[in-house]
Amino acid sequence: MKWITRERAMVDRIACPWLIKRFIDPDAEFIYVPPQEVLKRAKELNAVPFDVENVELTHFREENEERVSFDAFIKKYNLRDPALLELARIVRGADAKIDNPPPESPGLKALARGFREIARDDLENIKLQFPAYDALYAYCKMKVAAKNNAL
């Protein structure tokens, strides 16, 4: 399946492709275009748009707090893995203005900015960052397990 979003990706538009590849669509193809072209190109290419206004898989409000596109994917695909939900909190804290973001969120945002600067384009950016998300997910598994063991 093809997925399309805005170019010059940082946190959410890298985290979502990672989530899609790892949990939803392992054969996914990603397309990054200028913001004003996303919806038009989505129709032309039969691609699912995400992280743009007026689409299903984008930012929304829940419990009086901004949620990000990563959250929209988790909700739509009914993903319940506790480590993935912990990762969602970190992504949300890095991509949205929320009260009390997790302590890992500023680091994720800093990494996203740095990777965007060194990558030649968005496809190289996701290739470079996917191992970081794999590691962060492994960290979240450890964090959840430690929390459960402390109960």
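Student: What makes Tyr-77 partly exposed?
Tutor: Its relative accessible area is 30%. Buried needs under 20% and exposed needs over 50%, so 30% falls in between. Keep in mind that this is a predicted model.

Student: Why is Phe-73 called buried?
Tutor: Its relative accessibility is 0%. The cut-off is under 20%, so Phe-73 counts as buried.

Student: How do you know that helix α3 is mostly covered?
Tutor: The helix spans residues 69-76, and six of its eight residues are buried. They are Ser-69, Phe-70, Asp-71, Ala-72, Phe-73 and Ile-74.

Student: Which elements do the buried residues of α3 pack against?
Tutor: They pack against β1 (2-6), α1 (12-24), β4 (60-62), β5 (65-67) and α4 (82-95). Just after α3, Asn-78 takes a positive phi of about 50 degrees.

Student: How many aromatic pairs are there?
Tutor: The count comes to seven, with ring centres within 6.5 Å as the rule.

Student: Why are the rings of Trp-3 and Phe-73 called tilted?
Tutor: Their centres are 5.7 Å apart, so they pass the 6.5 Å limit for a pair. Their planes stand at 55 degrees. Stacked needs under 30 degrees and edge-to-face over 60, so 55 degrees makes the pair tilted.

Student: What does the pair of Trp-3 and Phe-73 tie together?
Tutor: Trp-3 lies in strand β1 and Phe-73 in helix α3, so the pair ties together parts that are 70 residues apart in sequence. Both residues are buried.

Student: What makes the pair of Phe-73 and Tyr-77 stacked?
Tutor: The ring centres are 6.3 Å apart and the planes are at 10 degrees.

Student: Which residues do ring pairs link into a cluster?
Tutor: Trp-3, Phe-50, Phe-73 and Tyr-77.

Student: How do you know that the charged end of Lys-76 sits over the ring of Tyr-77?
Tutor: The distance to the ring centre is 5.7 Å. The limit is within 6 Å, with a second condition of within 35 degrees of the ring normal. The contact is assigned as a charge over the ring.

Student: What is the strand order of the open sheet of three strands?
Tutor: The order is β2-β1-β3, with parallel pairing.

Student: Why do β2 and β3 count as edge strands?
Tutor: β2 (29-33) and β3 (47-49) each have a single partner strand, so one side of each is left without a neighbour in the sheet. The twist averages 30 degrees from one strand to the next.

Student: How do you know that β1 and β3 pair?
Tutor: Three bridges join them. At least two are needed, so β1 and β3 count as paired. Within β3, Ala-47 is the bridge partner of Lys-2.

Student: Why is Thr-58 called buried?
Tutor: Its relative accessibility is 13%, under the 20% cut-off, so the label is buried. Thr-58 lies in the loop between β3 and β4.

Student: What makes Asp-95 partly exposed?
Tutor: Its value is 28%, between the cut-offs of 20% and 50%, so partly exposed is the label. Asp-95 lies in helix α4.

Methods: Residues numbered from 1 in each chain as written. Predicted model: local features only at pLDDT ≥ 70, side-chain atom pairs only at ≥ 80, totals over all residues. Heavy atoms only, no water. Buried < 20%, exposed > 50% of the residue type's maximum accessible area, 1.4 Å probe, protein only. Helix = DSSP H or I, 4+ residues; strand = E, 2+ residues; numbered from the N terminus. Contact = heavy atoms within 4.5 Å. Phe/Tyr/Trp six-rings, centres within 6.5 Å; stacked < 30°, edge-to-face > 60°. Axes fitted to C-alpha atoms, helices over the stretch in contact; angles between N-to-C directions.
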